[in-house]
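Work through the exercises below with the structure open beside you. Try each task before you read its solution.

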Amino acid sequence: MISRLLAVIFSLLSIAACSDSQNGDDGMNSSSQEVSIAYLKSLCRGDHYRIVNDYCVRGVVVATDWLGELNKSAVIVDKTGGLEFAIESRNISEHLPIYSEVEILCNGLMLARIGSKIKLGATPTGDFPLGNIDSEMFNRYIRVVGTCEEFVPTAKSFSEIGVEDISSLIRFDNIRICEQEQGLAWCNIENDKPITTDRTFYDNKGNTFIINTLATCDYATEEIPSKEISVIGIIDYSDNRYFLRIVNKWFI
């Protein structure tokens with residue numbers, strides 16, 4: 001309990017330290033109102049919400065397509081939670097390095113509820129509920145405003161995960177791949193190519209949790225360690241269940 005509390009405290013202090021390093025920069029738009037990620041997501045009470053106020057959010061980049069772990073999206077976090085946003089780019093990490101602090105000017109963007117996850121993006125042009133922020137929109141809405149060289153994720157157990165953790169950066173300690181899947185890689189292979197795969201892990205209390213790995217992930221064909229490990233990733237939700245996507249190859 002004490003170690004978990006300390007992890008949360010250090011996480012909040014890390015974000016605060018990053019935010020305090022901006023040398024008085026007031027952001028892209030002096031009239032914009034900075035709001036928390038939790039507040040911004042709360043605006044989407046239905047399936048979608050078009051943002052018409054001059055809101056901006058700041059957060060630390062903790063996940064991108066850097067290692068193929070995400071597809072055309074990035075995740076930022078602040079002390080209130082995490083936010084995934086859709087970007088029309090296959091090299092997001094070149095523009096948004098891990099641990100950079102970014103500011104997103106939200107007026108004109110969309111929030112959409114995809115499953116139980118609220119995601120930020122552009123107005124959709126097709127059947128999908130949310131469009132990607134393209135390269136022209138990127139420079140208008142998003143910019144890097146600082147660097148956070150250390151960020152401590154929140155440590156939780158499987159049983160503690162709830163809706164407030166969706167898109168947040170979470171650490172699981174002392175977990176192990178289930179016996180039936182020991183010796184397997186993170187992704188299954190079909191027709192000589194990796195496919196996006198779920199793997200089941202359990203903790204020392206017998207609780208289980210799914211780790212989902214995209215086929216595009218750089219380590220998709222690496223064997224999963226059979227010993228107890230710690231992992232850090234983003235919580236997601238689909239098909240009435242929570243699961244974790246490892247980010248930045250954070251498993252030890």
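**Exercise 1. The whole chain**

Among contacts in the protein between residues at least 6 apart in sequence, what percentage join residues at least 24 apart? Then describe the overall make-up of the protein.

Solution. Step 1: note that this is a predicted model. Step 2: take the contacts between residues at least 6 apart; 65% of them join residues at least 24 apart. Step 3: list the elements. The protein has 4 helices and 17 strands. Step 4: check burial. The protein has 252 residues, and 50% of them count as buried.

**Exercise 2. Confidence**

Solution. Step 1: start with the average. The protein averages a pLDDT of 89, and 88% of the residues score at least 70. Step 3: apply the general rule. Where pLDDT is low, predicted coordinates should not be read in detail.

**Exercise 3. Ser 100**

Is Ser 100 buried or exposed? Find its element and its surroundings.

Solution. Step 1: locate the residue. Ser 100 belongs to strand E6, which covers residues 100–105. Step 2: compare its accessibility with the cut-off. Buried means under 20% relative accessible area. Ser 100 has 4%, so Ser 100 is buried. Step 3: follow the side chain. The side chain of Ser 100 reaches the backbone oxygen of Pro 97 at 2.6 Å. Step 4: leave out residues up to four places away in sequence and list what Ser 100 touches. The list is Gly 59, Val 60, Val 61, Val 144, Gly 146 and Thr 147.

**Exercise 4. Trp 250**

What does Trp 250 touch, not counting residues up to four places away in sequence?

Solution. Trp 250 lies in strand E17. Step 2: list its contacts, which are Val 62, Tyr 99, Leu 169, Ser 230, Val 231 and Ile 232. Trp 250 and Arg 171 are 79 residues apart along the chain, and their C-alpha atoms are separated by 9.3 Å.

**Exercise 5. The cavity**

How many cavities of 30 Å³ or more does a search of the whole structure find? Describe the lining of the largest cavity.

Solution. Step 1: count. The search finds 1 cavity of 30 Å³ or more. Step 2: give its volume. The largest cavity has about 60 Å³. Step 3: name the lining: Glu 69, Asn 212, Thr 213, Leu 214, Cys 217, Tyr 219, Arg 245 and Ile 246. Step 4: find the elements. Strand E15 (208–213) and strand E17 (241–251) each give two or more residues to this lining. Step 5: sort by class. The lining has 4 nonpolar, 2 polar and 2 charged residues.

Technical notes
Residues are numbered from 1 along each chain as its sequence is written. This is a predicted model: local features need pLDDT of at least 70, side-chain atom pairs count only at pLDDT 80 or more; totals for chains, interfaces and linings use all residues. Side-chain values use heavy atoms; hydrogens and water are left out. Buried means under 20% relative accessible area, exposed over 50%, partly exposed in between (1.4 Å probe, protein chains only). A polar contact is a pair of N or O atoms within 3.5 Å; within protein, one must be able to donate a hydrogen and the other to accept it, and residues adjacent in sequence count only if both atoms are side-chain atoms. Contact means heavy atoms within 4.5 Å. On a 1 Å grid over the protein atoms alone, a cavity is a set of points where a 1.4 Å probe fits but cannot get out, and a pocket is an open set with protein on both sides within 12 Å along at least five of seven lines; lining residues have an atom within 4 Å of a point. Grid points are joined across faces, edges and corners, and a volume is the space filled by probe spheres set on the points. Ala, Val, Leu, Ile, Met, Phe, Trp, Tyr, Cys and Pro count as nonpolar, Asp, Glu, Lys and Arg as charged, and the others, Gly among them, as polar. pLDDT is the predictor's confidence in each residue, from 0 to 100.
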